Amino acid sequence: IVLTIVMYHYVRDLARSRFPRIKGRSIAEFDAQFGYIGSNHQVCSLADVSRAARGEVPLPPRACLLTFDDGFRDHYDVVFPRLRRCGCIRALC
């Protein structure tokens, strides 16, 4: 199985947050990375990856799994709308 996994911890307006020096991605950085991922990879769900690991289905070429650590509100407020607009929400369920 060939799979790219990208993990995000913080995605927020870092410059205006309480912790502007925290290790994370600004919204602009996330948008740029997500644009690259969308153009060069096929976003898969964890269920897709699990089925592929069991040999039930193949992963698509250039498969990519996005993970978002800790479930911060940033992910719901910033990331979720972007994923919904591009049709990736199914892939994350």
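Rings of Phe, Tyr and Trp (for Trp, its six-membered ring) are taken to pair if their centres lie within 6.5 Å, and a pair counts as stacked when the planes are under 30 degrees apart, as edge-to-face when they are over 60 degrees apart, and as tilted for the rest. On that basis, ring pairs link Y8, F30, F34 and F68 into a cluster.

The model is predicted, so local features need pLDDT of at least 70 and side-chain atom pairs count only at pLDDT 80 or more, whereas totals for chains, interfaces and linings use all residues. Residues are numbered from 1 along each chain as its sequence is written, and side-chain values use heavy atoms, with hydrogens and water left out.

Confidence is expressed as pLDDT, the predictor's confidence in each residue on a scale from 0 to 100. The protein chain averages a pLDDT of 85, and 91% of the residues score at least 70. Among the elements, which are DSSP runs numbered from the N terminus (helices H or I of at least four residues, strands E of at least two), β1 has the highest mean pLDDT (94) and helix α4 (residues 89-92) the lowest (55).

**Aromatic rings**

A search of the whole structure finds five aromatic pairs. In one of them the rings of F30 and F34 have centres 5.6 Å apart and planes at 10°, so this pair is stacked. F30 and F34 are four residues apart in helix α1 (residues 27-40), and therefore about one helical turn separates them. Burial is judged by relative accessible area with a 1.4 Å probe on protein chains only: under 20% is buried, over 50% exposed, and partly exposed lies in between. F30 is buried at 0% relative accessibility, and F34 is likewise buried, at 12%.

**Charged pairs**

A salt bridge here is a side-chain nitrogen of Lys or Arg within 4 Å of a carboxyl oxygen of Asp or Glu, and the search of the whole structure finds six of them.

| Salt bridge | N to O distance |
|---|---|
| R12 and D74 | 2.6 Å |
| D31 and R82 | 2.5 Å |
| R54 and E56 | 2.8 Å |

Contact means heavy atoms within 4.5 Å, and, leaving aside its neighbours within four places in sequence, R12 is in contact with S17, R25, S26, I27 and D74.

The salt bridge of D31 and R82 joins helix α1 to helix α3, so parts that are 51 residues apart in sequence are tied together. D31 is partly exposed, with a relative accessible area of 35%. In the salt bridge of R54 and E56, R54 is exposed at 54% relative accessible area, while E56 is partly exposed at 49%.

**Strands**

Two strands pair if DSSP finds at least two bridges between them. Three strands form an open sheet in the order β1-β3-β2, with parallel pairing. The edge strands, each pairing on one side only, are β1 and β2 (42-44). Strand β3 (residues 63-68) pairs with β2 in the parallel sense over three bridges, and V43 stands opposite C64 in β3.
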